[in-house]
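Subject: Handing over a structure, with notes

Hello,

I am passing a structure on to you, and below it you will find my notes on what turned up in it. Please keep the sequence and the structure open beside the text while you read.

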Amino acid sequence: MSEDRESFDMTPAIADRAIGLMFQSPSACLKVEFQGGESLLNFDLVRYIVSEAKRRNDGRQLEFVITTNLANLTEEILSFSEEHGISFSTSLDGPAALHNANRPRPGRDSHAKTEEGIERLRQRLGKDAVSALMTTTAASLDQPERIIDEYVRMGFDSIFLRYISPYGFAVKSSARIGYETKKFVDFFKRGLAYIVDLNRRGIFVRETYTQIVLQKILMPGASGYIDLQSPAGMGISGIVYNYNGEVYSSDEGRMLAEMGDRTFRLGTVHDTYEKLFLDSPLLPMIHESMLEGVPGCTDCALQPYCGSDPVFHHRTQGDFIGHRPTSSFCERNMAIIKHILTLLEDDKETASILKSWL
Ligand code: SF4
């Protein structure tokens, strides 16, 4: 949904087809996530999809999440969201100067709008109705403590120290905001050390990626995190219905299509469920993402805790598998997983703080 409404808004007819496909999923729990452009600019369609999905629900557990910058939040949106149990996800990159530099708006008020929106949502829908995600840019690298402090100041009890992905937002400004993997790993370790120290001082806050890895190490079973699974979670844990009716295996795959590469397009909402899932490029992608068969991962000790990202490897290395010795996905995960294992092994107090996050 975008401010150029004629060209980029999903029609109710396309939404109907997408809802029909969604209910052909065998899953007992279905989560509908609205992503933009800016989801709140076409709230009539959000309202239509929520109402229609609830009307057609055949006994599944239904969840709705709106991803938004919160700048266009209205009383009407709050009331509807309260009535239907909708939750929200927004972006918060850190303190105002950093957030506003990453997300320019006329008036340089992105951070103020986000903070105001978070407050309004919490007052109306409860503290847990809104979560925030940060993106690490080059300007973030020397201030993990300030970013974490901002999350704590705004009342969040978790923060996801996220690597910037090579699509969309990142590509448009890569020269300005990109960085080497090693710098991200240093940023991550420094941030994690600070978070553990806050916990030591009685401030409960978790780092989300660490929590996902810990879950894989200490509580074997699916973590549910799409980007660290084998096989990859694309098409299995989520699917993307684009505004124009095209269907993609993941949001990153959709972003690549915006850059001219339609490799991850599975078809359209007018195709059958069987065609999209069984007779499309999806199965080869999933097949090639199984770590047990990926050169380099087959004999890696970290394999049970790691995952696969075919879109990332296709984008950065030219195929779904990639080349592990030169893959920044591998470099980042190997460094982070080893670091977490070392913390668990070497320092009893830190290990007990980390375990308390599960
Ligand atoms: S750390 Fe690298 S080699 Fe090991 S499983 Fe992960 S991606 Fe594969």
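**Salt bridges**

At 41% relative accessibility, E82 counts as partly exposed, because a residue is called partly exposed when its value falls between the 20% below which it is buried and the 50% above which it is exposed. Before going further, please keep in mind that this is a predicted model.

The side chain of E82 meets that of R124 in a salt bridge, with 2.9 Å from N to O. R124 lies in helix α6 (residues 110-125) and E82 in helix α4 (residues 75-84), so the pair ties together parts that are 42 residues apart in sequence. R124 also counts as partly exposed, at 27% relative accessibility.

A second salt bridge joins the side chains of D93 and R103, at 2.8 Å from N to O. This pair links distant parts of the chain, with D93 in the loop between β3 (87-91) and α5 (96-102) and R103 in the loop between α5 and α6, 10 residues apart. D93 counts as buried, at 0% relative accessibility, whereas R103 counts as partly exposed, at 21%.

R265 is partly exposed, with a relative accessible area of 25%, while E246 counts as buried, at 10% relative accessibility.

There is also a network, in which D16, E52, R55 and R56 are joined by salt bridges that share partners. How many salt bridges does the structure hold? The structure holds 23 of them.

**The fold as a whole**

The protein has 17 helices and nine strands. Its radius of gyration is 20 Å, close to the 21 Å that the globule rule gives for 358 residues, so the protein is as compact as a globular protein of that length. If you picture the C-alpha trace along its principal axes, it spans about 55 × 45 × 45 Å, and of the 358 residues 51% count as buried.

F23 and T74 are 51 residues apart in sequence and 30 Å apart in space, taken from C-alpha to C-alpha. You will find F23 in the loop between α2 (12-22) and β1 (29-34), where F23 counts as buried, at 12% relative accessibility.

**Around the ligand**

Which residues surround the ligand? They are G296, C297, C300, Q303, C306, R324, C330 and M334.

**A patch on the surface**

On the surface, L218, M219 and L358 form a nonpolar patch, and together they have about 250 Å² of accessible area. L218 is part of helix α11 (residues 208-218), and with a relative accessible area of 37% L218 is partly exposed.

**Backbone points to look at**

Most residues other than glycine have a negative phi, and most peptide bonds are trans.

The peptide bond from S230 to P231 is cis, with omega near -5 degrees, and P231 has its place in the loop between α11 and β7 (240-241).

L70 is not a glycine, and yet L70 has a positive phi of about 70 degrees. L70 lies in the loop between β2 (61-67) and α4. Is L70 buried or exposed? At 3% relative accessibility, L70 counts as buried.

R108 likewise has a positive phi although it is not a glycine, in this case of about 45 degrees. The place of R108 is in the loop between α5 and α6, and R108 counts as exposed, at 57% relative accessibility.

Conventions:
Residues are numbered from 1 along each chain as its sequence is written. This is a predicted model: local features need pLDDT of at least 70, side-chain atom pairs count only at pLDDT 80 or more; totals for chains, interfaces and linings use all residues. Side-chain values use heavy atoms; hydrogens and water are left out. A residue is near a molecule or strand if one of its heavy atoms lies within 4 Å of it. Patches are made of residues with over 30% relative accessible area and no salt bridge: like charges are joined within 9 Å, nonpolar side chains (Val, Leu, Ile, Met, Phe, Trp, Tyr) within 5 Å. Accessible areas come from the Shrake-Rupley method with a 1.4 Å probe; for residues, only the protein chains shown count as cover. A salt bridge is a side-chain nitrogen of Lys or Arg within 4 Å of a carboxyl oxygen of Asp or Glu. Helices (H or I, at least four residues) and strands (E, at least two) are DSSP runs, numbered from the N terminus. Buried means under 20% relative accessible area, exposed over 50%, partly exposed in between (1.4 Å probe, protein chains only). The radius of gyration is taken over C-alpha atoms; the globule rule is 2.2 Å times the number of residues to the power 0.38.
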